[in-house]
Amino acid sequence: MCTTCGCASGEVQIEGHDHHHGHSHDHSHSHEHGHDHEHEHDHDHDHDHDQQDLHYGHGPAHAHAPGLSQSRMIEIEQNILSKNDQYAQQNRLYFTENGILSLNLVSSPGSGKTSLLTHTINHLKEDYALSVIEGDQQTTNDADRIRETGVSAIQINTGKGCHLDAHMIGHAITNLAPEKGGIVFIENVGNLVCPAAFDLGEAHKVAILSVTEGEDKPLKYPDMFFAADLMLLNKIDLLPHLNFDVEKCMQYARQVNPKIQILQVSATSGEGMDDWYQWLKTTRQMKLIGRSDILLSETSSI
């Protein structure tokens, strides 16, 4: 069990690997690896690249850990997050060294995250090197939808787990092999609670909130909206049919996080999507400041 969020580790599968891992959440979050990796980026959990599915242990789901004191629970949580942060820093170094803009897309289930992502890919894929890491508890449905656009995608199935972590992302990066100067979209498991606590090494968290959910979501799940740099208020084409107060929703989001940027979009009608695309282009350009090697390579290929 992961004592940070109470989820069981279940059996995690990452496309491109077929070996088992001792990724135990037995109150110490130990990572016991009996094999080597060969990453181009510097992870201390090296993997062979030719394999199909990666499995991380088994265990029943618990909401708490009986017999553990509060202080012990806090200590365990700190250890879990500390280890995760180490992997996240390695991921971040890899992205930075390769001029890659990495975005962690977070939302509740049903927010329209995958539809928004496929529209985004179809609009930008001719101009930028795009790739996707998909997180779901089961199925490869979303990764299959992404691959239909012609863009590379790796599926991570977390089993009973309710979030991605930096260790999983490190493995996925190995097989995804994103191009220098590109954009990597990480579509997290649908959940506004646990993904807030886990740094994946991304440049920005992007919280997607649909107008069908309720304007008070930022107050109900403040950690996520505090951690996000951008909120996409999605499905605005449905506003005429809903009792949803846009101004109040944005007020709540800024109450939690005064620095959060907010864009109103609809993947269905296309409203506001140009603002989202421009945000991506500008943010990527800022990522490449000082990277003349990548910019010159792009210019020569035009």
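This passage describes the fold of a predicted model, from its overall composition to selected local features.

The protein contains nine helices and eleven strands, and 53% of its 302 residues count as buried. When contacts between residues at least 6 apart in sequence are considered, 74% of them join residues at least 24 apart.

Eight of the strands form an open sheet with mixed pairing, in which the strand order is 1-7-6-8-5-9-10-11. The edges of this sheet are strand 1 (13-14) and strand 11 (261-264), each of which pairs on one side only. Strands of a sheet pair through backbone hydrogen bonds, and this pairing may be either parallel or antiparallel. Both senses can be followed around strand 7 (152-157). Strand 1 and strand 7 run antiparallel and are joined by two bridges, with Q13 standing opposite N157 of strand 7. Strand 6 and strand 7, by contrast, run parallel and are joined by six bridges, and here G135 stands opposite I156 of strand 7. Five of the six residues of strand 7 are buried, so this strand is largely enclosed by the rest of the structure. Elsewhere in the sheet, strand 5 (residues 101-107) pairs with strand 9 (residues 204-210) in the parallel sense over five bridges, and N104 is placed opposite K205 of strand 9.

Two of the helices that pack on this sheet are considered next. Helix 4 (residues 166-176) touches strand 1, strand 6 (130-136), strand 7 and strand 8 (183-187), and the direction of helix 4 makes about 150° with that of strand 7. Helix 7 (residues 246-256) also packs on the sheet, where it touches strand 9, strand 10 (230-234) and strand 11, and its direction makes about 155° with that of strand 11.

Within helix 7, the residues V246, C249, M250, Y252, A253 and V256 are buried. Seen down the axis of helix 7, these buried residues fall within an arc of 155°, so they line one face of the helix. On the other side of helix 7, E247, Q251 and Q255 are exposed. The cover over the buried residues of helix 7 includes strand 9, strand 10 and strand 11, together with helix 5 (217-220) and helix 6 (222-227). At the start of helix 7, the backbone nitrogen of E247 is approached by a side-chain oxygen of D245, which reaches to within 3.2 Å.

Helix 4 is also the location of H167, a residue that is buried, with a relative accessible area of 1%. The side chains of H167 and H171 are joined by a polar contact of 3.2 Å. In the loop between helix 4 and strand 8 lies A177, for which phi is near 50°, a positive value in a residue other than glycine.

A positive phi is likewise found at T139, where the value is about 70° although the residue is not a glycine. T139 is placed in the loop between strand 6 and helix 3 (141-147), and T139 is partly exposed, with a relative accessible area of 41%. The loop between strand 6 and helix 3 also holds Q137, which is partly exposed, with a relative accessible area of 35%. Not counting residues up to four places away in sequence, Q137 touches N157, T158, G159, K160, G161, C162 and V189. For one of these residues, K160, the backbone oxygen is reached by the side chain of Q137 at 3.4 Å. Q137 and L164 are 27 residues apart in sequence, while their C-alpha atoms are 9.8 Å apart in space.

Finally, a search of the whole structure for aromatic pairs finds two. W276 and W279 form a pair that is stacked, with 5.8 Å from centre to centre and 15° between the planes. Both W276 and W279 belong to helix 8 (residues 273-287), in which they lie three residues apart, or about one turn of the helix. Both of these residues, W276 and W279, are buried.

Terms used. Residues are numbered from 1 along each chain as its sequence is written. This is a predicted model: local features need pLDDT of at least 70, side-chain atom pairs count only at pLDDT 80 or more; totals for chains, interfaces and linings use all residues. Side-chain values use heavy atoms; hydrogens and water are left out. Rings of Phe, Tyr and Trp (its six-membered ring) pair if their centres lie within 6.5 Å; planes under 30 degrees apart count as stacked, over 60 as edge-to-face and the rest as tilted. Helices (H or I, at least four residues) and strands (E, at least two) are DSSP runs, numbered from the N terminus. Buried means under 20% relative accessible area, exposed over 50%, partly exposed in between (1.4 Å probe, protein chains only). Two strands pair if DSSP finds at least two bridges between them. Contact means heavy atoms within 4.5 Å. Axes are lines fitted to C-alpha atoms, for helices over the stretch in contact, and angles run from 0 to 180 degrees between N-to-C directions. The arc is that of the directions from the helix axis to the C-beta atoms. A polar contact is a pair of N or O atoms within 3.5 Å; within protein, one must be able to donate a hydrogen and the other to accept it, and residues adjacent in sequence count only if both atoms are side-chain atoms.
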